[in-house]
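I open this notebook to record what I looked up in one structure, entry by entry.

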Amino acid sequence: MADPVISAAMDSAAGNRSGFMRFGIPEVWMRFLLALLGLILAFAAALFSTVTRESGSLWATVILASIALTLAVVVGLTTVPYLARRVVGGRVRDAFNYDVTGVGIAYVMTVLLIGIAALNTGNNLLYVIVAAMLAAILVSGVASAVVLRGLELDVRLPEQVFAGRPAKAEILVRNRRQWLPSFSISVLPLKIDKDKGKRSIRWRWEPATFGFPPGRVPAMQWVRLRDLRLRRVTDSADGASVKAIFSESAYFPYVPAGTEFTAEADLCFPRRGRYQQNSFGLATRFPFAFLTKTRRVALSREILVYPPVEPTDEFFEVLPLITGEFETFVRGRGDDLYLIRDYMPEDSARHVDWKATAKAGSLKVREFSREDERRVRLIFDNPEPGAVSDESYENAVTLAASLGWHFTEGNTEISFVAPGYNLGADIREFLGYLAAVDPQAGRSVLDTLEVSEDFNIILTTRPRGSIPASLWACSHFVFIESKS
């Protein structure tokens, strides 16, 4: 066991060091310092390789030259593009970006091997080959930028989309140039927007504990000392959780000058809600596939995905009950005969059916259908947050959408009532409300609901004893409850 005095002293020193070094290091500075260190080591390795060459040590020269070139290539591929994007103006930085492909990495490794051979042999032909191969990378970047210049992008979304139901979107690429065509164009959905969804990355020193032997529980370790560790922290800005519309790219192999081409993209959203795509990218690997060049297109699209309206098991359970109560409610005093039933004390004598009475031996009355029948009012009493589980809430929203769609397609005059919804009887407006609705605190809509001539279908979480008595005679209640 460690001496308590020594442990206390080390704890104090670690605490002072923690207080002195507890600060965030931006990733740009971390990358810059690592790049500077790598270049210093590469320069030192190159100097030592020259010394070993003069001394006649072939293997030491090869190893040191390889280390120098490897460090330079790693810094060039990992740090220089990042720092360039940070330093160059925002407009240019957002317009163009590139990534090294697998083919490009293999090509760079080949250049590296030929460069090592050129250093070791001093053959001028190998130097010429290396220079030509490096120039090919530069030509690839310039040609990619030229191919993407002059292209316009447009995205057309369907007007009506339901969750779980496939839909089609149109992606249009237009080449405004008069002479130059474009080759191998891909339209990419960019997941992180420049204004929304950006992630701030920094490095931070945090207190930690060193324990030995490692892998044991703290009580079984021989030594436990306070220490510091450097941890990478990623902060997500507002909008990082925005649900994207597209997940796949569209490909255009050839777009001639002055023409436009359209491609269809398959859409299928698993859940209702608001989906948004803030920006797209036009990318190409033309001509050699060493680099993937991307140009950001500031094009914003938004779509509201309705909840599914296909009948569910719960829909088939409640529909017969609703239909039965609805048929009972529409019995009235219209002109069309609805049924012949037994006489009730409150019935008028002028409605007695004497022929049916003589045949049955008891008083029978004729009942007629109401002149204003087939009027339904669908009421979604939005619960407070936490009143039911997320699954039960989503099932209730889906049931409300299915019932509204069912009665709209039938010979029924339907209207909708919900907290914060005052748009009337349009089913698509109500589906739009259900697409974006979330549980919210507030007064129940049943407290201010007026009884009318309509038959009410009410989805609510309120206890049965708290529902106004005037609603029971003209309503069917679907109680939203969490499943056990």
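This is a predicted model: local features need pLDDT of at least 70, side-chain atom pairs count only at pLDDT 80 or more; totals for chains, interfaces and linings use all residues.

**Entry 1: helix H8**

I began with helix H8, which covers residues 313–329 and has 17 residues. I looked up its reach from the first C-alpha to the last and found 25 Å, close to the 24 Å expected at 1.5 Å a residue. I then asked where H8 bends. The bend is at Leu319 and amounts to about 25°. A proline, Pro320, follows within four residues.

Next I noted which residues of H8 are buried: Phe315, Val318, Leu319, Ile322, Phe326 and Phe329. I set a general rule beside this list. An α-helix has 3.6 residues a turn, so residues three or four places apart point the same way. Leu319, where the helix bends, is itself among the buried residues.

I also looked up Gly324, which lies in H8. Gly324 counts as partly exposed because its relative accessibility is 35%, and the range for that class runs between 20% and 50%. How far is Gly324 from His476 in sequence and in space? The two are 152 residues apart in sequence, and their C-alpha atoms are 10.0 Å apart.

**Entry 2: the largest nonpolar core**

I turned to the largest nonpolar core, which has 39 residues. Which residues touch the most other members? They are Phe380 and Leu434. I then listed the elements that each supply at least two residues of this core: H8, strand E17 (375–380), helix H10 (390–409), strand E18 (413–417), helix H11 (427–436) and strand E19 (455–460). H10 gives the largest share, with 9 residues.

**Entry 3: backbone details**

I checked the peptide bond from Phe286 to Pro287 and found that it is cis, with omega near 5°. Pro287 sits in the loop between strand E12 (280–284) and strand E13 (291–297).

The loop between E12 and E13 also holds Ala289. Ala289 is not a glycine, yet it has a positive phi of about 65°. I recorded Ala289 as partly exposed, because its relative accessible area is 22%.

Ser184 is another residue other than glycine with a positive phi, in this case near 50°. Ser184 lies in strand E6, residues 182–189. Is Ser184 buried or exposed? At 19% relative accessibility it counts as buried, because the cut-off for buried is under 20%.

**Entry 4: a surface patch**

I looked for nonpolar residues on the surface and noted a patch formed by Trp29, Phe32, Leu33, Leu36 and Ile40. Together these residues have about 510 Å² of accessible area. Leu33, one of them, is in helix H2, residues 27–55.

**Entry 5: salt bridges**

Side chains of opposite charge can pair when their charged atoms come close. How many salt bridges does the model hold? The count comes to 15, and I looked up three of them.

The first entry is Arg176 with Glu152, whose side chains meet at 2.7 Å, N to O. Arg176 is in the loop between strand E5 (167–175) and E6, while Glu152 is in strand E3 (residues 151–156), and the pair links parts of the chain 24 residues apart. Arg176 counts as exposed at 51% relative accessibility, whereas Glu152 is partly exposed at 29%.

I then recorded Glu394 and Arg272, which meet at 2.9 Å, N to O. Arg272 is buried, with a relative accessible area of 9%.

The last pair I looked up is Arg462 with Asp447, where the closest N and O atoms are 2.6 Å apart. Arg462 is in the loop between E19 and strand E20 (475–479) and Asp447 in the loop between H11 and E19, so the pair ties together parts 15 residues apart in sequence. Arg462 is buried at 16% relative accessible area, and Asp447 is partly exposed at 39%.

To close, I noted that salt bridges with shared partners join Glu152, Arg174, Arg176 and Glu260 into one network.

Definitions and conventions
Residues are numbered from 1 along each chain as its sequence is written. Side-chain values use heavy atoms; hydrogens and water are left out. The expected span of a helix is 1.5 Å times one less than its number of residues. The bend at a residue is the angle between axes fitted to the seven residues ending there and the seven starting there. Buried means under 20% relative accessible area, exposed over 50%, partly exposed in between (1.4 Å probe, protein chains only). Patches are made of residues with over 30% relative accessible area and no salt bridge: like charges are joined within 9 Å, nonpolar side chains (Val, Leu, Ile, Met, Phe, Trp, Tyr) within 5 Å. Accessible areas come from the Shrake-Rupley method with a 1.4 Å probe; for residues, only the protein chains shown count as cover. A salt bridge is a side-chain nitrogen of Lys or Arg within 4 Å of a carboxyl oxygen of Asp or Glu. A nonpolar core is a set of buried Ala, Val, Leu, Ile, Met, Phe, Trp, Tyr and Cys residues joined through side-chain atoms within 4.5 Å.
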